[in-house]
Amino acid sequence: MKTALICGAGGFIGSHLVKRLKREGFWVRGVDLKRPEFAESEADDFIIGDLREQSLCRSVVDRTFDEVYQLAADMGGAGYIFTGENDADIMHNSATINLNIADICHKRNIKRLFYSSSACMYPQYNQLDPDNPNCSEDSAYPAAPDSEYGWEKLFSERLFLAYNRNHAMQNRVARFHNIFGPEGTWEGGKEKAPAAICRKIAEVNSGDTIEIWGDGTQTRSFLYIEECLEGTTRLLRSGFEGPVNIGSDEMVSINQLVDLVADIAGKTIVKNHIEGPQGVRGRNSDNRLIKEKLGWRPTAPLRTGLEKTYAWIEQQVQARR
Ligand code: NAD
């Protein structure tokens, strides 16, 4: 039986990855500070622990695994990353986890692990025009991410690729672009735009007003969780080390995203644009490299994933009432 280790298995992407690898027949060990919030983990072995501690890392990585996924990070939505209040924690916590995992995997003779970087590492100066953002993989330098979260991702990308060069590892690095889906954080400040908008619309009646951060013309693309996992497992099992974007190239403005969710909900919604953290003006995944290297790229329409996500968030909102 093949074995997998998922660091961050209590998080959004990690908990979905556990389910996927179980469907594929793996024996799975998950590790996280916490269990998944919305459903029991399907992991065969779930270790609660802090990956900033080397001793914990040594006991978790106590053997070789066929596949290792390093998804654990101190992260959140714009309300957590872009306020500046959490910068030291974000950098210290995530970098410590990555330093520990890279080194222990090398020492245990694990040759290959997957690392999730983020589109937040792309330079801000290429993302000022909402209609023409440039996020091709080779546009990363000169580096100028707009957040410390992005700087830490850039550092850790380089860390895992340095282990490839100096320690004959074959680590794989992906840059995720806004992943969304059911069983993700949907309230409390760490939720991302799709979840926040689904929640706001689920909470109001048709004809009501919801608040939108910024003028709503900032653009993004959003990738549904199943396609993220397809790209993730394909990259780990491929001959290409990356870094490569795993994202959707169906770019929408936040206003269009609101209209799409309102249409799915069957509600008329009035938008009240307010001050709020927004991040860069425009961002879209450039999928030329992934298509070239893996012969695959995400293609599912945004609407399909949003329908599933809205249905799940509406259920959560109803259950809370
Ligand atoms: P998440 O916050 O749901 O999951 C991360 C998990 O890491 C959490 O469960 C958290 O408890 C765990 N963790 C944090 N510190 C830890 C520690 N010290 N020890 C053990 N566990 C710890 O986030 P996610 O959306 O599932 O993201 C997974 C990865 O993908 C992260 O590295 C993130 O930066 C990256 N990423 C995600 C997105 C996205 O849109 N979701 C976009 C770009 C990159």
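1. The chain is divided into domain 1 (3-179 + 223-246) and domain 2 (182-221 + 251-282 + 301-320), with bounds that come from an automatic or database domain assignment. This is a predicted model, in which local features need pLDDT of at least 70 and side-chain atom pairs count only at pLDDT 80 or more, while totals for chains, interfaces and linings use all residues. Residues are numbered from 1 along each chain as its sequence is written, and side-chain values use heavy atoms, with hydrogens and water left out.

2. The C-alpha centres of domain 1 and domain 2 lie 26 Å apart. To the contact between them (heavy atoms within 4.5 Å) domain 1 contributes 26 residues and domain 2 contributes 26 residues. The area buried between the two domains, that is, the accessible area (1.4 Å probe) that two parts lose on being put together, summed over both, is about 2000 Å², and carbon and sulfur atoms give 60% of this area. On the side of domain 1, F38, P130 and Y224 supply 30% of the area that this domain buries against domain 2, more than any other three residues.

3. The largest nonpolar core has 57 residues, and those with the most contacts inside it are I6, I13, F176 and I201. Such a core is a set of buried Ala, Val, Leu, Ile, Met, Phe, Trp, Tyr and Cys residues joined through side-chain atoms within 4.5 Å, where buried means under 20% relative accessible area (1.4 Å probe, protein chains only). Because domain 1 and domain 2 both give residues to this core, it lies between them. I13 touches L71, F176, I179, I225, C228 and L229, residues up to four places away in sequence not being counted. Another core, of 26 residues, lies apart from it and includes L5, I47, V61 and V68.

4. Strand β1 (residues 3-7) is joined to β2 (residues 27-32) by five bridges, and A4 has V28 as its bridge partner in β2.

5. Two helices (DSSP H or I runs of at least four residues) deserve a comment.

Definitions and conventions
Buried < 20%, exposed > 50% of the residue type's maximum accessible area, 1.4 Å probe, protein only. Pairing = 2+ DSSP bridges.
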